[in-house]
Amino acid sequence: MTIGKSIYRKEALEKVTGTAKYTDDYTSPSMLHAKLVVSTHAHAIIKAIDTSEALKAPGVRAIVTGQPDFPLTGEEIHDRPPIAYGKVRHHGEAVAIVVADTPHMAKKAAELVKVDYEPLPVVNSPTDAISASAPLVHEQLAKYEKIQHVYPEPNTNIADRVKIRKGHIEQGWQESEVTVEARFSFGPSDHAAMETRCATAEIRPDGHILISSSSQAPYMIKKLMSEYFKLDAGKIIVTTPLVGGGYGGKVPTQLEIIAYLASKAVGGRPVKVFNEREEDMITSPVHIGLEATVKLGCRRDGVLKAAKLVYLFDSGAYSDKGATITRAAAASCTGPYHIDNVWCDSLCVYTNHPYATAYRGFSHSEVLFAFERTMDMLAEKLGMDPLELREKNAILPGHTTPTQADLNASNVGNLPECIRKLKELMKWDEGRRMEVNGRKVIAKGIACIWKTSTIDTKASSGVILMYNPDGSLNLMSGLVEIGTGSKTVLAQILADKMKMDISQIYVRMEVDTQTMPEHWKTVASRGTYMAGRAVLQAADDLIRQLKDIASRILVCSPDELEVGFGKVYVRDDPTIYSKIPDIAYGHKYPNGNAIGGQIMAKGNYMFRHMTHLDRDTGAGKPGPEWTVGAQGIELEFDTRDFTYKLLKAYAVIDIGKVLNYKAALGQVIGAMSMGLGFAGRESFIFDEKGKVLNPQLRTYVTPRYGEHPDYIVEFVETPHIDAPYGARGIGEHGLLGMPAALANALSTAAGLHLNQLPLVPELIWKAKTGGTER
């Protein structure tokens, strides 16, 4: 049995010895290199681009600028030119591609490209964007192609609006004896993956297009490139090696398009586009910003009766995944609480900021920050313990979600048990705020979490299994190994099902869209669920084939056989058996007759009964299950200089079933640290003209070694019946409650409401003193 054990990851040796290869590690003698020329303005008309000096530079092979015949791109709304044409919409937007013999030559030549801009008024926040006087980021919004369930509002800066209308909101206010309302905000930020984004493209003489990319979605690259450029999908081959962190930032198709255009400009030669850190932070997509208004109503005993929510998401210059993030936020808008009457408008808003894409948690940490802060404010107004308020309103089997989906013990888990465990771990009853001395206090803050996946209703995952002559198995899945250890978990599932040693399972890490079955995207904590179900189906196919051949050798019915331990044996007499290596490539009788052949099996999985959300009410089933949990922070706060030290971070998550304990622990702790970085210090700083002032890791500060708290993680196991062994997704969930828990702890420590991120000491000082006291 491997399930539940801490199995070493299949790619661990490569990674710890430094031999693992990533996209930028692959090169060839014929490869050229591209460098982007990017906009120095956030919003401006491109009057002219002078490439004459750059073309004379050593090693330059071509320069590509935006053209009217280039297709508009975007997964949900086709609103983004691959290279800016006519005008730029954000600081850092690509305006030209320089292709040269070496990266250095390309960079030197890019500096010689001269662009003449005419600045335009800048939209610098979501609130500015929806004002009647706001300049339009997209004048042609009404003409853009889009998918079916996105609702842009022409002649505005609203790319999408998702409505949730559950129950009767006016009745909810009538039943409410206590109300509280607050506003929240944070700006766009970076994913800060260790590996920056990289893509290569080559157009072969026979028309085949070879793309290699550090991507979470190689099959989507294939689909979209075919769609954008009217190419035969079968001629597009996308490969993805190991990925050095994605966190959602490597979901979009961006550099792949640029690499293709660059290759086309040089006769199809292979061209690499590699982001330096500064480019990766603002030229490629970013983490979305949010401005939110939350109003809650409850009875005097704390039972929630009404919630009115407005979420304005700062999608930046283009919609990309912003529209989908907006939809996910609406689907989970109330946090993990039972509320009969809900009114929510979730808007995807255009601004002149770098455009947004998926980020670990996909809207949930963002929305939970606003909602969980308001829950603490409501508890304060009621004079009630914040944990008690949450437990009293916890979502339970028998309740419905904001989208009116029915919940049961399988698909929602056990939030009250998570709260009880957290309370015990944090020693909550010992106090939420304790004096250390005249200057310092220790404070605690908590937040509850939940998440579902709002992925494409027809997203699927496939797996192929093939025997080797020695009875070992090759496992091929289009799931991308982005650092989560998902492919090792697939091997564990297969080893358990086949009753074999996991060392005898060889997992193909690199994804090749021509030879491997599709996994929709490696996103949404769905890898283990979807690919795991596909593995189990493929294993059933494998077992069926093994039994079919063995039954003819052992002269019995296939129904009387079992498979395991390297053999196919008679169930009630295991001494009668055939070794798997003897039948994995067929069987040869003594007279020379043979049957069978190499045994190969396939499996695939697609979610059932998923629906789109109704446009007017938001009713629908966006995901198969909701993972719940409770998280907390304990910190030491200096009341004189407003600095703080993180002492302990807690997470209790209903994981359904632990498949690989150390891997699950690593995922949760890594996500918790990422959430604390987002909440405590990470944010772009914009000037009044929309320019990013800190596009480098010297000034954009992530958590450093030695600054981390002690991480304390425990799991609750309420199996999700449909998932492999009952396991729920876990890749994102450690992050979800950290911003809210940190804000709640600091609000308790400082004695005021902190409703803006990041929670740097200066922000607390300004909130406490108005910025007037030293």
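Student: In which loop is Gln254 found, and is Gln254 buried or exposed?
Tutor: In this predicted model, Gln254 is found in the loop between β11 (236-240) and α7 (255-265). Buried means under 20% relative accessible area. Gln254 has a relative accessible area of 8%, so the answer is buried.

Student: Where is Asp385 found, and what is its relative accessible area?
Tutor: Asp385 belongs to the loop between α10 and α11 (386-392). Asp385 is partly exposed, because its relative accessible area is 27%.

Student: How many Å apart in space are Asp385 and Thr51, C-alpha to C-alpha?
Tutor: Leaving aside neighbours within four places in sequence, Asp385 is in contact with Ala379 and Trp428. Thr51 is 334 residues from Asp385 in sequence. From C-alpha to C-alpha, the two are apart in space by 65 Å.

Student: How many residues of helix α9 are buried?
Tutor: Helix α9 covers residues 322-331. Among its buried residues are Gly322, Thr324, Ile325 and Arg327. These buried residues of α9 pack against β7 (158-166), β15 (304-316), β16 (341-350), β17 (356-357) and α10. The helix is largely enclosed by the rest of the structure, because the number buried is ten of the ten.

Student: What is the phi of Tyr725?
Tutor: Tyr725 is found in the loop between β32 (710-716) and α18 (733-736). At 31% relative accessibility, Tyr725 counts as partly exposed. Tyr725 is not a glycine, although its phi is positive, at about 60°.

Student: Which two residues does a cis peptide bond join?
Tutor: Most peptide bonds are trans. Here is a cis bond, with omega about -5°. Its proline lies in the loop between α19 and α20 (761-769). The two residues are Leu757 and Pro758.

Student: At what angle do helix α14 and helix α15 pack?
Tutor: Two packed helices are described by the angle between their axes and the distance between the axes. For α14 (residues 486-498) and α15 (residues 527-554), the axes are 9 Å apart. The helices are roughly parallel to each other, and α14 passes α15 in a right-handed crossing. The angle is about 30°.

Student: How do the residues of the contact of α14 with α15 divide?
Tutor: From α14, the contact includes Val489, Leu490 and Ile493. From α15, it includes Ala531, Val535 and Leu546. The division is twelve nonpolar, two polar and two charged.

Student: At roughly what angle do α17 and α19 cross?
Tutor: The axes of α17 (residues 661-680) and α19 (residues 738-750) come within 8 Å. α17 is oblique to α19 and passes α19 in a right-handed crossing. The angle is roughly 55°.

Student: Which residues in α19 do those of α17 meet?
Tutor: The α17 side of the contact includes Met672, Leu676 and Phe678. The residues of the contact divide into seven nonpolar, two polar and no charged. In α19, the residues met are Met738, Pro739 and Leu742.

Student: Which residues have the most contacts inside the largest nonpolar core?
Tutor: In soluble globular proteins, nonpolar side chains tend to be buried together. The largest nonpolar core here has 153 residues, and its largest share, ten residues, comes from helix α10 (residues 364-382). Apart from this core lies another, of 46 residues, among them Leu242 and Ile583. Those with the most contacts inside the largest core are Ile97, Tyr311, Ile633 and Leu635.

Notes
Residues numbered from 1 in each chain as written. Predicted model: local features only at pLDDT ≥ 70, side-chain atom pairs only at ≥ 80, totals over all residues. Heavy atoms only, no water. Core = buried A, V, L, I, M, F, W, Y, C linked by side-chain atoms within 4.5 Å. Buried < 20%, exposed > 50% of the residue type's maximum accessible area, 1.4 Å probe, protein only. Helix = DSSP H or I, 4+ residues; strand = E, 2+ residues; numbered from the N terminus. Axes fitted to C-alpha atoms, helices over the stretch in contact; angles between N-to-C directions. Parallel < 35°, antiparallel > 145°, perpendicular 65-115°, else oblique. Left-handed = near helix turned anticlockwise from the far one by under 90°. Contact = heavy atoms within 4.5 Å. Nonpolar A, V, L, I, M, F, W, Y, C, P; charged D, E, K, R; others polar.
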